[in-house]
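I opened the model to look up a few items chain by chain. My notes follow.

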Amino acid sequence: MLGLIADIVSWLLIVTGALACVISGYGMLRMPDLYSRIHAASVADTGGMLLILIGLMFQAGLGLTTAKLVLIVVFLLITSPTATHALARAARQDGVRPASEKRARR
Amino acid sequence: MRYLLGLATGLAVLWLLLSGHYAPLTMALGALSCVFVVWLCRRLGIVSHESVPLHLLPRLPGYTLWLGLQIVRSNVDVATRLLRGRAAISPRTVIIDTRTHDPLGQAILANSITLTPGTVTVGLEDNEAIVHALTEDGAADIEAGTMARRVARLEHGES
């Protein structure tokens, strides 16, 4: 019984996470400029990643596997914003301006 | 010394979690590798309050919880805006005061801002952070400085 509940919760989390990733990808195609696309990507980076990995933790149960999954979450929460920041900063240094600023200047 | 011990403890816990083998030989090898890494870090001179931020530990759970809530909230917000398309966004670039002069605190703040969907730290110079926000509301939230205050409290305790 408890196993069934854990299974249901886990699949709900994984499916929601997958949905978040799809929405994120859709947003990346739909947004107007690089910076707003970065915002779209960060939905998959945080929400999608967290939901899927927490869902997997419910599959693994209490144990070393879950401890490793927690470590993966911790490291991803530190590295993914760093990568995002590197991308945004590189774009700004190379003179890519947000669409909103361009419109304001004209 | 405090930082060396903290680093050694952290490495030992990491090794125990990742290995999963508790035979005497592997334990001894693990202990040896921890000592070796601590020695290397000391020689490199990178053991300090920045690489081993022990002073943050007591207040870290509270901050993590608060940040987690922000992440969930903004994820839902940004996801619905992505579905609604261009009409739902109003991108802004704002410059904010980081409130902390410590590189570690600034890095935590910049990472926290980027981690919450809808806001990205584009640059960090002197004591100012350039933040790009997906919506006007998000920009106003960042300009209000709630997050900067939280990070300052995480670093220096209640103030």
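**Chain A: annotated spans**

I began with the record: UniProt, in an unreviewed entry, places the feature "transmembrane region" at residues 6-29, 41-63 and 69-88 of chain A. UniProt positions are given in the numbering used here, feature names are shortened, and annotations may be inferred rather than shown by experiment. The model is predicted: local features need pLDDT of at least 70, side-chain atom pairs count only at pLDDT 80 or more, and totals for chains, interfaces and linings use all residues. Residues are numbered from 1 along each chain as its sequence is written, and chains are lettered from A and ligands numbered from 1 in the order in which they are written.

I checked two of the spans. Residues 6-29 of chain A are 100% helix and 0% strand, with end C-alpha atoms 35 Å apart. Residues 69-88 of chain A are also 100% helix and 0% strand, and their end C-alpha atoms lie 28 Å apart. Helices (H or I, at least four residues) and strands (E, at least two) are DSSP runs, numbered from the N terminus.

**Where A meets B**

Next I looked up the contact between the chains. I found 32 residues of chain A in contact with 27 residues of chain B. Contact means C-beta atoms, placed from the backbone, within 7 Å. Which elements of chain A give two or more residues to this side? They are α1 (2-30), α2 (34-60), α3 (64-93) and α4 (99-105). α3(A) gives the most, with 13 residues. By class, this side of chain A has 17 nonpolar, 10 polar and five charged residues. Ala, Val, Leu, Ile, Met, Phe, Trp, Tyr, Cys and Pro count as nonpolar, Asp, Glu, Lys and Arg as charged, and the others, Gly among them, as polar.

**Chain B: domain 1**

I turned to chain B. It is divided into domain 1 (2-44) and domain 2 (57-156); the bounds come from an automatic or database domain assignment. The C-alpha centres of the two domains lie 35 Å apart.

I then took the helix pair. α1 (residues 2-19) and α2 (residues 24-44) of chain B pack at about 145°, with axes 9 Å apart. Axes are lines fitted to C-alpha atoms, for helices over the stretch in contact, and angles run from 0 to 180 degrees between N-to-C directions. The contact includes L4(B), L7(B) and W15(B) of α1(B), and G30(B), C34(B) and V38(B) of α2(B). By class, the contact has 10 nonpolar, three polar and one charged residues.

**Chain B: the sheet**

I looked up the strand order. An open sheet of three strands runs β1-β3-β2 (chain B), with antiparallel pairing. Two strands pair if DSSP finds at least two bridges between them. The edge strands are β1 (92-97) and β2 (119-125) of chain B. Neighbouring strands are turned by 25° against each other on average, direction ignored.

β1(B) and β3(B) pair over six bridges. Six bridges also join β2(B) to β3 (residues 128-133) of chain B. E125(B) stands opposite E128(B).

β2(B) and β3(B) form a hairpin with two residues between them. D126(B), in the turn, has a positive phi of about 50°.

Last, the helix over the sheet: α5 (residues 136-144) of chain B lies across β1, β2 and β3 of chain B, at about 5° to β1(B).

Key:
Contact = placed C-beta atoms within 7 Å.
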